[in-house]
Amino acid sequence: MVQKYQSPVRVYKHPFELVMAAYERRFPTCHLIPIFVASDVMKEETSEDGSTHRIERRCALDVDAPRLLKRIAGVDYIYFIQKNTLNRKERTLHIESHNETFSNRVIIHETCCYSVHPENEDWTCFEQSASLDIKSFFGFESTVEKIAMKQYASSINKGKEIIEYYLKELDDEGITHPLHHENLVWLNYLIVGFCVADKLDADYIKRYLGDLTPLQESCLIRLRKWLQETHKGKIPKDEHILRFLRARDFNMDKAREILCQSLTWRKQHQVDYLLETWSSPQVLQDYYTGGWHHHDRDGRPLYILRLGQMDTKGLVRALGEESLLRHVLSINEEGLRRCEENTKVFGRPISCWTCLVDLEGLNMRHLWRPGVKALLRIIEVVEANYPETLGRLLILRAPRVFPVLWTLVSPFIDENTRKKFLIYAGNDYQGPGGLVDYIDKEIIPDFLGGECMCEVPEGGLVPKSMYRTAEELENEDVRLWTETIYQSASIFKGAPHELLIEIIDASSVITWDFDVCKGDVVFNIYHSKRAPQPPRKDPLGAHGITSPGGNNVQLIDKSWTLGQDYSMVESPLTCKEGESVQGSHITRWPGFYILQWKFHNMPACSATNLPRVDDVLATLQVSSHKCKVMYYTEVLGSEDFRLVALCVCVYVCK
């Protein structure tokens with residue numbers, strides 16, 4: 001497996017020429033880097049006008065590896081080739097390096113770049129990326145990979161420290177601006193195309209996201225870049241991406257999978273607009289015993305839930321599961337907003353909140369089966385879409401019935417989340433190691449023996465006159481899972497999903513917006529003068545799969561011939577898992593248009609009929625050859641489409 005690294009943008013608040021002078025002091029050896037034992041210049045050249053200088057060095061490293069491994073490998077030092085290109089006009093230094101030792105077994109490649117900060121010409125930016133691919137190493141592949149990653153992470157941490165050391169050394173010598181670039185003719189030469197707007201600065205990461213290791217920074221940057229390149233919807237904020245990485249211990253593939261599923265869910269149910277569009281019913285305002293209350297000692301927003309005083313049965317009977325779920329989601333959205341605010345207020349990263357749950361009054365009526373079912377569903381949705389948002393959960397005054405409830409709900413809670421739970425029975429929370437260790441005494445609520453008035457509702461029993469039947473709740477059409485303009489479809493190998501659109505007026509515009517939730521698909525558009533037969537649904541049972549929330553409809557008859565009975569009007573579009581695709585087609589003829597999502601078959605190797613290993617692995621990842629898409633389509637008249645396009649142009653020009 002290839003290991004990759006991408007650094008954030010590191011900024012030196014010194015001119016480029018001064019940083020270059022500091023950089024050159026690292027050679028031929030550097031006492032600050034003990035493993036860097038020697039470097040020899042192999043080739044050196046300068047352009048005729050003196051603006052470009054190229055130098056190639058052979059560097060020797062004394063890698064910190066077990067003696068046995070060195071003896072087996074038969075080497076004392078590892079040699080690297082480093083090629084530097086300094087462009088004085090553009091004020092850039094590009095560095096490329098690769099390993100010479102064991103290059104047939106291990107491939108290490110690194111690129112670095114020093115350049116002028118785009119917003120301040122007296123500052124210097126630095127970026128680096130690297131890859132490690134271990135083909136074979138005497139059976140010690142895993143050991144070598146760990147050693148290499150450890151050494152590289154250590155050198156990354158040391159890199160900026162070394163440049164800062166030599167910058168100070170230059171300053172002590174009275175050298176603060178060695179080349180006086182302001183007097184040179186190329187002063188006003190701008191670096192074309194360099195922009196840090198979509199990159200992450202190391203200082204920004206530390207200020208707003210916290211202390212990350214170099215490899216954790218790399219995972220964040222690479223996942224963020226992947227989203228920018230493939231996801232055409234709203235890109236989540238950096239702190240939210242980081243939460244999904246932390247939830248999967250910075251395994252990028254696993255984090256990307258759950259993040260894409262969550263982004264699709266947010267888009268499908270318009271969660272980004274929940275705080276603006278959702279208004280809690282009066283019954284929730286009166287009887288839902290939860291609310292925000294100041295912050296804990298760490299600056300985290302504090303949410304208080306008096307669960308023991310809540311009539312869960314009454315709320316479920318009066319509102320239904322969906323309204324309760326929507327209310328809890330609005331609480332989580334508000335929590336994200338408060339974390340951002342507190343980050344600015346306290347001047348340090350705050351990405352999660354503390355929840356205080358008071359269980360006084362909890363009894364067997366809280367174990368009402370539909371209520372527990374609603375709670376489990378809420379936990380499932382929150383765990384999937386708001387990972388790493390709970391910093392600490394303080395459970396107070398836990399009664400004897402609590403172990404029963406805990407046994408029911410704990411399997412649905414992530415293990416990392418369970419570790420954040422602190423449970424106090426009776427009045428234990430008032431003693432040492434109790435509530436005052438986590439919350440300032442001044443803001444402890446009055447109902448817990450504090451002096452701070454708490455505005456969380458006291459709850460009580462919901463009047464039975466407010467209860468509604470299941471039919472009434474269903475007729476309100478408030479189901480969060482179905483209240484959406486999007487539809488979902490399942491796609492199987494040999495069973496595409498097809499959608500029929502009848503066009504009366506030529507020059508109409510068919511628009512589409514779809515997300516590939518699982519697997520890879522091929523998107524096609526066909527036209528036919530005659531209507532297909534009534535759609536047939538693929539029996540999902542034949543594939544051994546149940547597909548709640550997804551359907552599979554096939555319209556094109558197997559007896560039809562492409563080019564005679566129907567024709568392709570757009571080139572096939574291959575769409576990868578996680579991609580969000582928007583597009584439109586201006587119809588040339590009236591008739592019937594068929595939008596088709598088809599399972600993407602991996603191409604076989606050109607030299608043989610056997611599939612490639614990568615293709616086989618990719619195919620195995622798609623369980624039972626199943627893909628899933630979520631789509632929305634609309635037909636616009638040509639005049640309407642032109643009006644929409646004009647409005648978009650006017651908006652962009654503003």
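How much accessible surface does the protein chain have, and what share of it belongs to carbon and sulfur atoms? The accessible surface comes to about 34,800 Å², of which 52% belongs to carbon and sulfur atoms, with areas taken from the Shrake-Rupley method with a 1.4 Å probe and, for residues, with only the protein chains shown counting as cover. This is a predicted model, in which local features need pLDDT of at least 70 and side-chain atom pairs count only at pLDDT 80 or more, while totals for chains, interfaces and linings use all residues. Residues are numbered from 1 along each chain as its sequence is written, and side-chain values use heavy atoms, with hydrogens and water left out.

**Figure 1. Overview of the protein chain and its confidence.** The protein chain holds 17 helices and 24 strands, which are DSSP runs numbered from the N terminus (helices H or I, at least four residues; strands E, at least two). Of its 654 residues, 46% count as buried, where buried means under 20% relative accessible area, exposed over 50% and partly exposed in between (1.4 Å probe, protein chains only). The mean pLDDT, the predictor's confidence in each residue from 0 to 100, is 81 for the chain, and 83% of the residues reach 70 or more. Where pLDDT is low, the predicted coordinates should not be read in detail.

**Figure 2. Helix α12 and its cover.** Helix α12 (residues 369–385) has 17 residues and reaches 25 Å from its first C-alpha to its last, close to the 24 Å expected at 1.5 Å a residue, the expected span being 1.5 Å times one less than the number of residues. Its buried residues include Val-372, Leu-376, Arg-377, Ile-378 and Asn-385. Among the elements that cover the buried residues of α12 are α6 (238–247), α7 (252–268) and α11 (321–346).

**Figure 3. Helix α6 and the residue that follows.** Helix α6 is mostly covered, with 8 of its 10 residues buried, among them Asp-238, His-240, Arg-243 and Phe-244. The cover of these buried residues includes α4 (202–209), α5 (214–230) and α12. Just after α6, Asp-249 takes a positive phi of about 50°.

Figure 4. Glu-56 has its place in strand β4 (residues 52–61). Glu-56 is buried yet has no salt bridge, and the nearest side chain of opposite charge, Lys-43, is 4.3 Å away; a salt bridge is a side-chain nitrogen of Lys or Arg within 4 Å of a carboxyl oxygen of Asp or Glu. In assigning charge, Lys and Arg count as positive and Asp and Glu as negative, whereas His and the chain ends are not counted. Leaving aside neighbours within four places in sequence, the contacts of Glu-56 include Asp-40, Lys-43, Ile-81 and Lys-83.

**Figure 5. Backbone details at Pro-28, Gln-270 and Arg-397****.** The peptide bond from Phe-27 to Pro-28 is cis, with omega near 5°, and Pro-28 lies in the loop between α1 (16–24) and β3 (36–46). Gln-270, although not a glycine, has a positive phi of about 55° and is partly exposed, with a relative accessible area of 38%. Arg-397, found in strand β12 (residues 390–398), has a phi near 55° and is buried, with a relative accessible area of 13%.

Definitions and conventions
Contact = heavy atoms within 4.5 Å.
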